[in-house]
Amino acid sequence: MQSGAPESASTNTNKIGERRLAILSSHIQPLPPSITLSPSMATSSDEKAAALSTAPSDSPTIFDKIISKEIPSNIVYEDEKALAFRDISPQAPTHIIIIPKVKDGLTRLSTAEERHVEILGHLLYVAKLVAKQESLDGFRIVINDGPLGCQSVYHLHVHLLGGRQMNWPPG
């Protein structure tokens with residue numbers, strides 16, 4: 001690339017993806033032996049690679065650092081139970097992550113217990129509030145679960161996606 005020439009959108013997207021993978025890599029633990037990667041999985045997107053190389057864990061995550069304000073984020077909503085901030089690698093014009101402030105063992109949806117019912121409902125209600133705040137006329141909620149569900153951060157989180165026509169099937 002020539003000096004002073006503007007970077008292309010794909011170059012910027014690649015740099016954002018590399019930055020996100022580097023941040024996520026600092027929280028990665030070895031993949032359990034029960035999960036194996038096929039060659040096609042190993043050569044997939046950065047997100048899929050990060051998810052498949054991260055072992056489920058209750059250890060502190062990047063989201064804990066965002067909650068404690070150790071890592072800056074673009075916060076769009078906060079209350080006593082939840083925090084919502086813009087994703088650093090958006091997959092739609094509006095891409096917001098909504099997390100519980102207290103993890104309480106809620107690392108993934110499949111491990112939720114009855115005691116988590118209130119916070120799970122609250123996270124969805126916050127998604128509705130944020131969607132209204134963002135003037136979204138339709139949106140999608142995504143919760144990735146486990147390595148094969150493309151979860152790379154083991155602190156349950158809700159993706160709020162909007163600002164464009166969603167496609168079906170989603171995955």
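This is a predicted model: local features need pLDDT of at least 70, side-chain atom pairs count only at pLDDT 80 or more; totals for chains, interfaces and linings use all residues.
Of the 171 residues, 35% count as buried. The accessible surface comes to about 9800 Å², and carbon and sulfur atoms account for 55% of that surface. If we take the contacts between residues at least 6 apart in sequence, 61% join residues at least 24 apart.

Let us turn to His-157, where UniProt, in an unreviewed entry, places the feature "active site". You will find His-157 in the loop between strand E4 (139–142) and strand E5 (158–162). His-157 counts as buried because its relative accessibility is 7%, and the cut-off for buried is under 20%. Leaving aside residues up to four places away in sequence, His-157 touches Phe-63, Ile-97, Ile-98, Ile-99, Val-142, Ile-143 and Gln-151. There is also a polar atom of the His-157 side chain that lies 2.8 Å from the backbone oxygen of His-155.

Our next stop is Arg-108, in the loop between strand E3 (94–100) and helix H5 (117–133). Arg-108 has a relative accessible area of 18%, so this residue is buried too. Its side chain makes a polar contact of 3.1 Å with the side chain of Ser-110. Beyond residues up to four places away in sequence, Arg-108 touches Pro-56, Asp-145, Gly-146, Pro-147, Gln-151, Tyr-154 and Leu-156.

Which residue links the two stops? Gln-151 is touched by Arg-108 and also by His-157.

Notes:
Residues are numbered from 1 along each chain as its sequence is written. Side-chain values use heavy atoms; hydrogens and water are left out. Helices (H or I, at least four residues) and strands (E, at least two) are DSSP runs, numbered from the N terminus. Buried means under 20% relative accessible area, exposed over 50%, partly exposed in between (1.4 Å probe, protein chains only). A polar contact is a pair of N or O atoms within 3.5 Å; within protein, one must be able to donate a hydrogen and the other to accept it, and residues adjacent in sequence count only if both atoms are side-chain atoms. Contact means heavy atoms within 4.5 Å. Accessible areas come from the Shrake-Rupley method with a 1.4 Å probe; for residues, only the protein chains shown count as cover. UniProt positions are given in the numbering used here, feature names are shortened, and annotations may be inferred rather than shown by experiment.
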